[in-house]
Structures are given as structure tokens and as C-alpha cells.
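Let's take a walk through this protein together, one spot at a time. Have the sequence and the 3D view ready.

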Amino acid sequence: MDRLEFGVWDQMQTYEVMQAATAAEVYEKHIRQAQLMERVGFGYYWTLEHQGSYVGAITSPQMFLTAVARHTEALRLGTMIWQLPFHHPIRLAQDVAMLDHLSGGRAEFGTGIGVHEHEFMRWGLDFYSRQEMGEEALDIIEMAWRDGTVTYEGKYWQIDEALIEPAPLQKPHPPIWAAVHSPRAIDFAAKRGYHMAQNIDTDESMAQKFSEWREAWKGYGHEGPMPRQFLMRVVHVAETDEQAHEQARQYLLEANTLGREIVSSSRIGFGSNPRGMGHEDSEDIRERGRIFRECARSYEFWLDNGLALVGSPESVARQIAEGREKIGYDHFAGKFHIGRMPHDLVESSLTLFGQEVIPAFG
């Protein structure tokens with residue numbers, strides 16, 4: 001296998017911003033933590049986009065990442081994901097290109113379409129058209145970066161000789177990632193030759209999906225090295241296993257549900273389905289629902305299914321090595337902010353991981 005890359009998936013939850021005196025103080029705290037990540041050896045910093053949601057408070061990832069870029073020197077910076085249907089593709093292409101220049105060529109372009117119906121409803125967007133919208137958006141963004149001008153007649157966007165400025169600093173463009181869950185998404189990412197990313201499934205499901213993506217990628221006859229494969233897991237590291245579990249247990253059980261009342265108490269709520277999935281139904285959607293239910297009930301479920309890596313540096317390094325052997329990823333992103341966990345514990349965990357776990361894969 002190729003050398004393992006390490007990043008942080010920094011989920012700035014909405015409740016954190018709502019409880020602070022100002023949003024600015026929360027942003028500044030996370031920027032300082034990005035500087036810490038860079039100092040202790042992480043190579044990548046990832047955030048995520050949600051709109052009107054309890055899940056995340058970075059509603060303009062390109063703006064926030066530009067601020068992070070101005071306070072760091074080497075971290076590669078991306079969003080996993082930008083929700084494509086929420087952006088005009090020309091604007092997004094130019095914004096990410098500007099981020100690429102302002103960061104000195106450190107932008108990573110993580111793409112996806114979103115899964116929560118209520119976010120689309122609040123913006124007047126058709127939740128059930130998001131796959132087609134996302135595919136059109138990627139056509140336009142790639143054309144913008146490749147050609148510098150776009151004329152496009154699609155179902156959702158009509159563009160007449162848009163002149164693109166600037167072109168990205170990286171050539172031909174920043175790396176493009178696709179977050180995938182469904183068989184259709186896995187096949188789409190493989191066909192396009194994008195780097196792929198996953199974050200929710202159990203280790204057993206992950207192994208199957210990563211294998212399906214690799215086989216599909218090979219089947220499309222791409223030339224050159226295989227794209228990278230990204231796995232995000234919740235992580236907490238302490239000096240000993242006992243200490244790590246004691247610190248993480250209470251926060252992990254609320255990690256996926258904290259702040260749900262922000263949405264559930266609103267007039268629209270989660271939309272037509274209490275899980276926010278609309279009328280869509282599939283084996284994959286049902287399985288993710290099961291995972292979220294079990295994670296809210298059982299600390300052991302997190303650990304037994306590889307959803308959280310908790311322990312001493314030696315234990316966490318062993319868990320990563322075992323997971324990598326089973327699943328086959330070459331990019332590991334840790335989520336260190338867990339529920340209401342205090343920032344001093346988060347930063348201690350980040351530091352131990354950087355100083356003692358990352359070198360184990362050196």
C-alpha cells in the first residue's frame with residue numbers, strides 16, 4: 001500500500017456557535033486548532049458544509065478555509081463535502097480556484113450532493129433532483145477549470161460564455177473527491193476517476209464499498225495510479241486505554257444527535273421523514289439509520305464496528321493498521337471533536353495522535 005496520509009475532519013457543530021458570545025470566537029478557536037494540527041504532523045484539514053442544520057456550522061466553507069489558509073503554511077485544505085446543488089457551479093469553481101491561489105496551491109475539492117431533505121426545502125430546491133444537479137455542476141466546474149470559459153445548456157444551469165477567473169493554481173486543477181454511499185454514487189466516482197471518501201458505515205460495510213469502488217475504477221480502464229481512498233473515523237487518544245475510554249464515553253453517545261432540537265422544533269422540521277431522508281428508501285439508507293440508532297444507545301457499538309477509535313496511542317495505531325488492512329484506505333481523517341467534549345481534551349488528543357500515532361506509519 002501507499003504511505004498513509006493523515007487529516008482532521010473538523011466538524012464545527014451548530015450548538016457550539018449558538019452557545020458562544022459570537023461566531024467569530026468559535027471560528028478563531030478552530031483556526032488555532034488547525035495551526036496545532038499542522039505543528040504536530042497532520043497533512044490535511046477538512047471541514048464540511050450544511051445549511052440550516054444542527055450538524056455543522058460552516059455555511060461558507062470556501063470563506064472559512066481561506067481564513068485557515070492565511071494562518072497555516074502546509075496543511076492541505078478541503079471540504080468534505082461541498083453540497084453541489086446549493087452552489088452556482090461557476091461561482092464555486094471560481095471560489096475554489098481563489099482558495100487555491102490564496103493557500104499557495106493547497107486546495108482539495110470534496111464533492112457531494114447532501115442527504116437531508118429539510119435543507120433543500122428551506123432553500124426551495126428539489127431534494128429528489130440533487131443527483132442530476134450535482135452531476136451537471138461537476139460537468140461545469142471541470143469545464144471551467146479546463147477551458148477557462150463555459151457555454152453549457154443543461155436542465156438546471158444554462159451558461160453562455162462565462163469567462164472564468166482565476167484558473168486554479170494547481171494544474172490541471174485541485175484534486176476532486178467524491179463522498180459516496182449508494183451504489184450509484186460509487187459507480188459515478190469510479191467512472192469519473194475521482195478520489196473517493198466514506199465516513200458512516202461499519203468496517204464490514206466499508207470493506208465491501210471500498211472493494212466495489214476499486215473494481216469499478218479498474219473496470220473503466222483508467223490510466224495512471226489509482227485515486228486515493230479516504231476514511232473518516234471518530235478518534236480519541238489519551239495516555240492509557242482506561243483514561244481514553246473514561247474521557248470519551250459520555251461524549252460519544254451524543255455525538256450524532258447533539259442539537260437535533262434546532263431542526264425538530266422548527267416549522268419545517270426534518271421534512272417529510274423524521275430522519276430527514278424524504279421518501280427515499282434503500283438498503284443503504286436503512287442501514288445508516290440502524291447505525292445512528294445503535295450509536296445513540298451503545299458506546300460499545302461504536303467500538304465494535306470501527307466507528308470510533310479510542311485508546312492509548314499504541315492502541316489507536318493498532319486499530320488504524322487493522323482497519324487499513326481490512327478496508328484498504330490510504331487517507332485517514334480523524335474527527336476529534338466529540339459531542340460536548342471540552343477543547344482542552346480535544347487538543348490533548350490531537351497532540352498525542354500527531355506526536356505518537358502518525359510517526360508509527362512513517
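Which residue takes a positive phi just after α7? That's Gly193, with a phi of about 75°. Before going on, keep in mind that this is a predicted model, where local features need pLDDT of at least 70, side-chain atom pairs count only at pLDDT 80 or more, and totals for chains, interfaces and linings use all residues. Residues are numbered from 1 along each chain as its sequence is written, and side-chain values use heavy atoms, leaving out hydrogens and water.

Now for α7 itself, which covers residues 183–192. Helices (H or I, at least four residues) and strands (E, at least two) are DSSP runs, numbered from the N terminus.

Step back to the loop between β6 (158–163) and β7, where Pro166 sits. The bond leading from Glu165 into Pro166 is cis, with omega near -5°. Pro172 has its place in the loop between β6 and β7 too, and the peptide bond from Lys171 to Pro172 is cis, with omega near 5°. Strand β6 holds Glu161, which has a positive phi of about 55° although it isn't a glycine. Why point these out? Because most residues other than glycine have a negative phi, and most peptide bonds are trans. Glu161 is exposed, at 54% relative accessible area.

For a contrast, look at Arg233 in strand β9 (residues 229–237). Arg233 counts as buried because its relative accessibility is 2%. A polar atom of its side chain lies 2.8 Å from the backbone oxygen of Asp201.

Last stop: a pair of helices. The axes (lines fitted to C-alpha atoms over the stretch in contact, with angles from 0 to 180 degrees between N-to-C directions) of α2 (residues 23–40) and α14 (residues 343–357) come within 9 Å and cross at roughly 20°. So α2 and α14 are roughly parallel, a label for angles under 35 degrees. Residues in contact (heavy atoms within 4.5 Å) include Leu36 and Met37 from α2, and Leu350 and Thr351 from α14. The residues of this contact divide into four nonpolar (Ala, Val, Leu, Ile, Met, Phe, Trp, Tyr, Cys and Pro), two charged (Asp, Glu, Lys and Arg) and six polar (the others, Gly among them).

Notes: Buried < 20%, exposed > 50% of the residue type's maximum accessible area, 1.4 Å probe, protein only. Polar contact = N/O pair within 3.5 Å; in protein donor to acceptor, adjacent residues only side chain to side chain. Parallel < 35°, antiparallel > 145°, perpendicular 65-115°, else oblique.
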